[in-house]
Amino acid sequence: MSIRRIYNFSAGPACLPLPVLIKVKEDFMEHGGMSIFEISHRSKGFMDICEDAKARISSLLGLDASFEVLFLAGGAAQQFAMVPMNLMDRAADYAVTGRWAKRAWEEAGNIGEARVAFSSEDSLFSRVPRPGEISLSEGTSYLHITSNNTAYGTQYREFPETGGVPLVADMSSDILSRRIDARRFGLIYASAQKNMGPAGVTVVIIRRDLLGRSYRKLPNIFRYKTHADAGSIYNTPPVFAIYMLRMIVQWIEGEGGVAEMEGRAKARADVVYGALGEDDFYELLADRESRSMMNVTFRLQSDALTERFLREARALGMEGLSGHRTVGGIRASMYDAFPLEGASALAEFIRRFRRTA
Ligand SMILES: *Cc1c(COP(=O)(O)O)cnc(C)c1O
């Protein structure tokens, strides 16, 4: 079978591993006389898949039974609300490092007092805080950070120290892409459509003791405890998205786990930053110490040049390179499944474009 594959630099939904896509297609109808779309979420087959996916995520992150993995709907955007609903007493601290971080902070303001512990908005979100730059406020229930800022292309190298205050992270665009000490976090959430699967499912990893927090009356559906008690099938979960997520997590394991993903991410990013960084022709949007391995962002000197760059890249089979609609410029998103050859092709094009523009 010959399959035409472009280099898909889209920020999400994004490129997925080809072997997984082929297997899903082959197995589509082979679920006990049904297709994967038709199986019951309460069938043993699906419940086993769900539990297996949770166990693998937990193991890839080096977590033990003191953490609970949940599969929820509503995207990372719903977590912007669920985190403060469940974990904020009076106030919480937010590091505002990008568009999503800011939306998380704004949503928290609908629940209680959302404080800005750090903001890089003045420098167009060109960086994340340096170690020690965040000081926690009196009476904060947690510190919320965004580990990788998808629209601006910045990423934490080191996470803030918070002592006894729970650290909460939106890891939507870099979960399972590098080794981290996940045990330092009180809660991690990530929508799947960047590194882990198709859209439709959001992974929430919560330290079990936090499940008992209860500061306000909430509808059951918005309580983490409801979903933990029901094993993530309190309501009908996104069955197909979870099925795919599990296959992709298995694929990550099979390729060598998170350490291997990190090596690949670094190799891809080095190739692209290397091509960009030779003179002032390309303007990088992120400060050097904050540069993301997942999303590389830069600008050209005019809109006309940007248009031409995108057009010529497309002609070479490279798509999804326009920057976030609020940021402009170029953004190359390269998550776990993105091949190194794609990064090399982009790097070569970046060098050639500089010579011929
Ligand atoms: C994509 C993204 C989101 C939004 O996710 P939804 O699933 O659309 O709600 C939130 N945070 C980050 C860091 C993202 O990259």
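Me: L124: buried or exposed?
Reply: L124 counts as exposed, at 60% relative accessibility. Here buried means under 20% relative accessible area, exposed over 50%, and partly exposed in between, for a 1.4 Å probe and protein chains only. The model is predicted: local features need pLDDT of at least 70, side-chain atom pairs count only at pLDDT 80 or more, and totals for chains, interfaces and linings use all residues. Residues are numbered from 1 along each chain as its sequence is written, and side-chain values use heavy atoms, with hydrogens and water left out.

Me: Where does L124 lie?
Reply: It lies in the loop between strand 4 (113–119) and strand 5 (140–146). Helices (H or I, at least four residues) and strands (E, at least two) are DSSP runs, numbered from the N terminus. L124 is not a glycine, yet its phi is positive, at about 55°.

Me: And S232, what is its phi?
Reply: Phi of S232 is near 65°, again a positive value in a residue other than glycine. S232 belongs to the loop between helix 5 (224–229) and helix 6. With a relative accessible area of 3%, S232 is buried.

Me: Which residues does F71 touch?
Reply: S232 is one of them; the others include C50, I57, V203, I242 and L245, not counting residues up to four places away in sequence. Contact means heavy atoms within 4.5 Å.

Me: How many residues does the largest nonpolar core have?
Reply: It has 89, and F71, I205, F309, L321 and L346 have the most contacts inside it. Helix 6 (residues 239–255) gives the most to this core, with 11 residues. A nonpolar core is a set of buried Ala, Val, Leu, Ile, Met, Phe, Trp, Tyr and Cys residues joined through side-chain atoms within 4.5 Å. Another core, of 29 residues, lies apart from the largest one, and L72, Y94, V168 and L285 are among its members.

Me: Changing topic: at what angle do helix 8 and helix 9 pack?
Reply: Helix 8 (residues 303–315) and helix 9 (residues 340–356) pack at about 135°, with their axes 11 Å apart. Helix 8 is therefore oblique to helix 9. Axes are lines fitted to C-alpha atoms, for helices over the stretch in contact, and angles run from 0 to 180 degrees between N-to-C directions. Angles under 35 degrees count as roughly parallel, over 145 as roughly antiparallel, 65 to 115 as roughly perpendicular, and the rest as oblique.

Me: Which residues meet there?
Reply: L305, R308, F309, E312 and A313 in helix 8 meet L346, F349, I350, F353 and T356 in helix 9.

Me: What about helix 3 and helix 4, how do they pack?
Reply: Helix 3 (residues 75–87) packs against helix 4 (residues 99–108) at an angle of about 40°, with the axes 8 Å apart. That angle makes helix 3 oblique to helix 4. A77, F80, A81 and P84 of helix 3 make the contact with W100, R103, A104, E107 and A108 of helix 4.

Me: Next, S292: buried or exposed?
Reply: S292 counts as buried, at 0% relative accessibility. S292 lies in the loop between strand 11 (283–284) and strand 12 (295–299). Leaving aside neighbours within four places in sequence, S292 is in contact with N148, G153, T154, Q155 and Y273.

Me: Lastly, which peptide bond is cis?
Reply: The bond from G12 to P13 is cis, with omega near -10°. P13 is placed in the loop between strand 1 (7–8) and helix 1.
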